[in-house]
Amino acid sequence: MATAVRSRIRTLKIDGRDVSAREDETILELAEENGIFIPTLCRIEGLSLVGACRLCLVEVAGMNKLVPACLTYATEGMEVFTDSERLRNYRRMILELLFSEGNHICAICVSNGKCELQALAQRLGMDHVRFANLQQERLVDMTHERFVVDRNRCILCARCVRVCDEIEWAHTWDIKGRGVDARVITDLDTPWGESDTCTSCGKCVRVCPVGAIVEKGRAVGEMAKRHDFLPHLAKMREAKK
Amino acid sequence: MIPQEELAKIASAEKEKQSKFEYQIRVCMAAGCLSQHKDQIKLALEAAVKEQGLEDTVKVKGVGCMGLCAQGPLVSVEPGNILYEKVSPADAAEIVAGLDKKPVERLRCDNQQPFFTRQVRVVLENSGVIDPENIEEYITADGYEALGQALTEMSPAQVIDEIVASGLRGRGGGGYPTGLKWSTVAKAISDRKYVVCNADEGDPGAFMDRSVLESDPHRVLEGMAIAGYAIGANMGYVYCRAEYPLAIERLKQAIRQAKRLHLLGESIFGTGFNFDVEIRLGAGAFVCGEETALMASIEGRRGSPRPRPPYPSDHGLWGEPTLINNVETYANVAPIIRNGGAWFAGIGTESSKGTKVFALAGQIKNTGLIEVPMGTTLREIVEEIGGGTTTEAGFKAVQTGGPSGGCIPEKHLDTPVDYASLAKLGSIMGSGGMIVMDHTSSMVDVARYFMEFCMSESCGKCIPCRVGTAQMYNLLTKIAKGNGTIRDLELLEQLCDLVRSTSLCGLGQSAPNPVLSTLRYFREEYLAKLVDTTSPNGKTAPDGHAS
Amino acid sequence: MSKAPSKVTVATVWLDGCSGCHMSLLDMDERLIEIAKAVDIVYSPLVDRKTKDYPEMVDVAIVEGAISSSEDIEKIHMIRAHSRILVALGDCAVAGNVPTMRNPYLVKDIESRAYIENVNVQPQVPDQVVPKLLPFVRPIHEVVPVDVFVQGCPPSADTIYFVLSELVAGRTPDLTQRTRPGA
């Protein structure tokens, strides 16, 4: 189309507050704009949305199913509830499930104090995990010159897979296996250090929300990450296409 | 390109060919019966016919499933309506010799028993009657007539109207109104649209789709082509699991045959309507039966679901509008076009029209494939058609809907089979698997079995399903082993609620159903296995490990 | 009871942990004096006790460490039976933490590593005095019900002070957003 499409404006309610939105805005974007907190883990600005972590589920009046805020667009007259007792319980339980899946011992993690999962556990008030740990053992790959992947700390948010595919255009990362056996792999599940697609750009390290993909040589609590580079790069990539 | 009259010519030629034979011996060549003697029975019968010099009067023909798999291998003789059960190659000579004399009594199977007489066959009308490997036989049985009728006498809108009028609902499990789905995809504006047939049947104990594809593959192709015409698509895909080699083989052959007669391909019936069908094989992942995962798999990507909306009708294969229906749904299309939507709507109940194919399995006498009108009660299916349980222990529950369904106890057996009634009981219609259990089955073990299935079939994308199913399985194991406490049971129930409410796709959302339904009807069995049922805040818990 | 009825009886217990949580408890420094006015420590590795036995009933049991051995199992059942409120103090008690890192390995391999492979003099796995290791290290609430969970490795002195003050005041401490695993 030659001219820019004019976006229509919607008005709706989030947690009882009147807000206005463009029709292409999601509930999550709107909530953030209005200072309303909705937890997320798999979402990261600049990468495609997958709706996989289910933490951002919200209630919408008149709908019997919960909807992911990251993928649901504003509609006229919509009434959204982001913080009901039911949602709080679900979110805590989802975190408990994540903690029970792998090794999430914060005390000895390089990302201690700088981890999105840990921060959410604190913010959402998860004070213990009711489920027994699944006691899985997953492979730690230290073959890369500069980076390490500890799959025991991975939460399978697939940010690494997406950033590598969508921004770096290398597609070194992918996911293999299913259910609790699913894990992130490099190339065709060959050692990371031997990868001929990996450009060693380190974007996967920077988007990983936990201490799963990290730089070598970091001590406990040292692995700070920044991903503010992403939205800009994403725009540049879009333009290049 | 063949004009429509050509169909009639092919049919009459085929009829004439067949009328030369005095007797037709039909041998089941579907997977169930083939599993016992492969093609040896057919070969032995042919040899016996030759030996007794009857090649000109007796035709031995392979046909599809006759239904009563428990008594297989099955062989029938026409005329005379004689059915033989548990046939072995050694019986061939005797069967052939008895053709114009007395039937072989020791092999006779009573085909006047309720199993046969209570069925109404629409989808399975040709199963066990025609040779699935012979397109001429399908044409003789009015095959491709509906396609010709649709293409030459009806507009796409009229086809859709007929489907809407029939009241047909999706037979894959969800029960979404088929006419509405078709009209939605028809409405979507795009140069390119797709028709997809979901043949990724994966429920334990279910073999309806396999049987239809093995017994009457052309019927599915015809349904897809009619759908393609109705919605404006020129390309169809059948997504079939690779574990069904015979179904795939027959389907491939059927596509070849239909293309040869220009019933698929370019300008079908000279109308300018093109429709091609390709097969895509699934690598045995249950989740690929979920439509968004199925499409990802066809596109060559990892078969994991994505959130809906957007729905396939709007954003499907390669982003184009796509119609996805299941095998049985497409199998209903040709008869609806042939006989009219009103005819179909006359079968079944107010909200659930037509018939439904069920695969009876478990501790039931007449294991096999049946087709009954919607609204038939579970009791009729289990006790009359199914012949009751095989064991002394007596009926306990029937599981419908596979791992997404639930267990229905004796007291609800008089429920009519329709979408709403089964949902009210905490189960679902599902694709048609029906597993009967007697009193020797522990319902905790049953729930645990289905949870193990869901756990190992979860794609792992969303957390509630990936870890939730594993933790539900662990809690069920703990309870089944007698190590569970009332707190474990409470936690299990909370987890069921979470996984049902928050999972990304239908697999996760329905995974707790077997637990919830067994808890609903057989809670005492769970309680009996707990170590401590009395004090939720008890001071001690057992030392046993979680799993 | 010989104690003044107004004082809250407290026991502290050290299971499979590093004692860091007990150190953090001592880190309350001068606030210990204030706490001592309201609390009577009746059983603890930190104090001299007249008897070796756990009292018949204490108001609050504060337990550090995970459940690792047969002795831990016996102790925690005993403690639960003789305590009104059970506080799991620190990540080992709450989540298993560092001790659970042995869980992927078989007990016999761990014993062999500790008592045979790395030993020069008389290598042998002890079968007396040292309690038997369990196949898995587990947090306390997987064995007995826990009333208050205090996360942290270790929980800060401020957190412990808050917990004790609330318990002394007869309230269940609400630790939402006050604690997190690992710190």
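This is a predicted model: local features need pLDDT of at least 70, side-chain atom pairs count only at pLDDT 80 or more; totals for chains, interfaces and linings use all residues.
Residues are numbered from 1 along each chain as its sequence is written, chains are lettered from A in the order in which they are written, and side-chain values use heavy atoms, with hydrogens and water left out.

Back to C:M23, which is in helix 1 of chain C, residues 20-26 (helices, H or I, have at least four residues and strands, E, at least two; both are DSSP runs numbered from the N terminus). Together with C:L26, C:I41, C:L46 and C:V47, C:M23 makes a nonpolar surface patch of about 360 Å². Patch members have over 30% relative accessible area and no salt bridge, and nonpolar side chains are joined within 5 Å, like charges within 9 Å. The areas are Shrake-Rupley with a 1.4 Å probe.

Now the interface. Chain A and chain B bury about 2500 Å² between them, 62% of it on carbon and sulfur atoms; that is the accessible area (1.4 Å probe) lost on being put together, summed over both parts. Chain A puts in 30 residues and chain B 31, with contact meaning heavy atoms within 4.5 Å.

How many salt bridges are there between chain A and chain B? Two, where a salt bridge is a side-chain nitrogen of Lys or Arg within 4 Å of a carboxyl oxygen of Asp or Glu. A:R178 forms one with B:E457, with the closest N and O atoms 3.2 Å apart. On the chain A side, helix 2 (85-101) and strand 8 (173-176) each supply at least two of the residues touching chain B, and helix 2 has the largest share, eight residues.

Last, the backbone. The peptide bond from B:P309 to B:P310 is cis, omega near 0 degrees, and B:P310 is in the loop between helix 13 and strand 8 of chain B. C:C153 to C:P154 is cis too, with omega near -5 degrees.

B:H262 has a phi of about 55 degrees, but B:H262 counts as partly exposed at 33%.

How values were computed
Buried area is the accessible area (1.4 Å probe) that two parts lose on being put together, summed over both. Buried means under 20% relative accessible area, exposed over 50%, partly exposed in between (1.4 Å probe, protein chains only).
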